[in-house]
Amino acid sequence: MTIYGDLSESSSLLNILSKIKPDEIYNLGAQSHVQVSFDVPEYTANVTGLGALRLLDVIRHLKLPVRYYQASSSEMFGKVSDDKHQNENTPFNPQSPYGLAKVFAYHLTKIYRDSYHIFASNGILFNHESPRRGITFVTRKITMGLSRVKLGLQGTLKLGNLSSQRDWGYAKDYVEGIWKILQYKTPEDFVLATGETHTVRQFVEEAAGLLKFDLVWKGKGVKEVGIDKKRNKTIIEIDPSYFRPKEVDYLLGDASKAKKLLNWKPKINFRKLVEIMLKNDFDLAKKELKLGRKVFVKKINI
Ligand code: G4F
């Protein structure tokens with residue numbers, strides 16, 4: 001059964017929750033694209049920040065005995081002062097309207113937990129990726145883009161900042177983690193992360209290697225290009241329109257609390273993650289080539 005609602009409409013949430021009376025609520029709803037949040041800050045604050053408030057407030061008014069999960073994000077850490085791990089005690093320093101909206105929802109979850117004794121927990125998740133990832137996020141853009149370049153379906157892949165570092169994990173592992181957070185005996189906040197960090201450049205190199213490109217980098221800054229040495233052809237270009245007004249340069253999570261209390265740890269490492277995503281997207285690109293029409297994506301433009 002599908003029931004429609006919207007995080008920007010309290011009445012629709014009231015309607016849904018009073019009908020369903022769920023045992024658990026996972027609030028994964030958001031305008032979740034960081035760069036887009038600079039273009040639509042008000043919408044982002046409304047859905048990503050106030051959306052959590054609307055849900056929590058309906059829970060409070062209906063006195064629902066529900067367990068509430070808030071999808072908090074490593075973007076809340078933002079600009080970190082050193083290159084150590086970030087954990088549940090690291091201060092937040094968001095760098096985007098999205099990051100700030102998530103900080104609001106994070107604190108509100110704690111406030112409602114303490115004030116109204118609602119079982120409300122935050123999962124502070126570092127980047128989690130899979131073949132289901134939207135194609136405007138960098139991992140999927142790379143696996144889809146390089147697969148299409150390999151088969152001659154597009155000339156080059158255009159990217160922004162290659163130097164930022166992310167702690168990338170496999171979404172399926174993280175879904176197990178968020179379920180465990182809500183099964184825990186008390187409502188608490190947990191970081192979920194792999195404890196490994198890589199640059200966007202390393203992600204590109206890993207994917208290019210798996211596709212048997214002989215990738216070398218030439219030039220600097222916006223003039224830098226990635227060349228396939230075998231064919232002496234440019235396959236990666238820098239497009240400054242993908243640079244963000246403010247960047248989060250470095251993220252590396254410490255999930256030791258989740259490991260200790262929830263017995264959670266990710267099973268899929270960075271290399272395997274790239275492999276899983278690339279296999280999916282190379283198969284899609286092959287289908288596209290065979291059918292002679294785009295089966296998945298018209299244009300990657302964010
Ligand atoms: O893939 P991204 O857009 O993900 P970002 O900004 O880290 O956010 C994702 O993870 C967060 C968890 O920490 C979530 F909360 C959030 O909702 C989202 O799921 O960008 C990753 C990095 C950035 O530094 C960006 O500047 O890749 C860099 N990048 C370089 N070229 C690019 C591109 N990002 C995008 N989207 N597109 C590019 O062409």
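**View 1. Strands β2 and β3 pair in the parallel sense in this predicted model.** The close-up takes in strand β2, which covers residues 67-73, together with strand β3, which covers residues 119-125, and the two are joined over seven bridges. Within this pairing, S72 can be found standing opposite I124 of β3.

**View 2. An open sheet of four strands contains β2 and β3.** Read across the sheet, the strands follow the order β1-β2-β3-β8, and their pairing is parallel. The edge positions are taken by β1, at residues 24-27, and by β8, at residues 190-192, each of which pairs on one side only. Neighbouring strands of this sheet are turned against each other by 25 degrees on average, when direction is ignored.

**View 3. Helix α4 lies across β2 and β3.** The helix is formed by residues 97-116, and it runs at about 150 degrees to β3. One of the residues lying in helix α4 is K110, which is taken up in the next view.

View 4. When its neighbours within four places in sequence are left aside, K110 is in contact with N122 and D189.

**View 5. K110 and R293 are set 49 Å apart in space.** This distance runs from C-alpha to C-alpha, and along the sequence K110 and R293 are 183 residues apart.

How values were computed
Residues numbered from 1 in each chain as written. Predicted model: local features only at pLDDT ≥ 70, side-chain atom pairs only at ≥ 80, totals over all residues. Heavy atoms only, no water. Pairing = 2+ DSSP bridges. Axes fitted to C-alpha atoms, helices over the stretch in contact; angles between N-to-C directions. Contact = heavy atoms within 4.5 Å.
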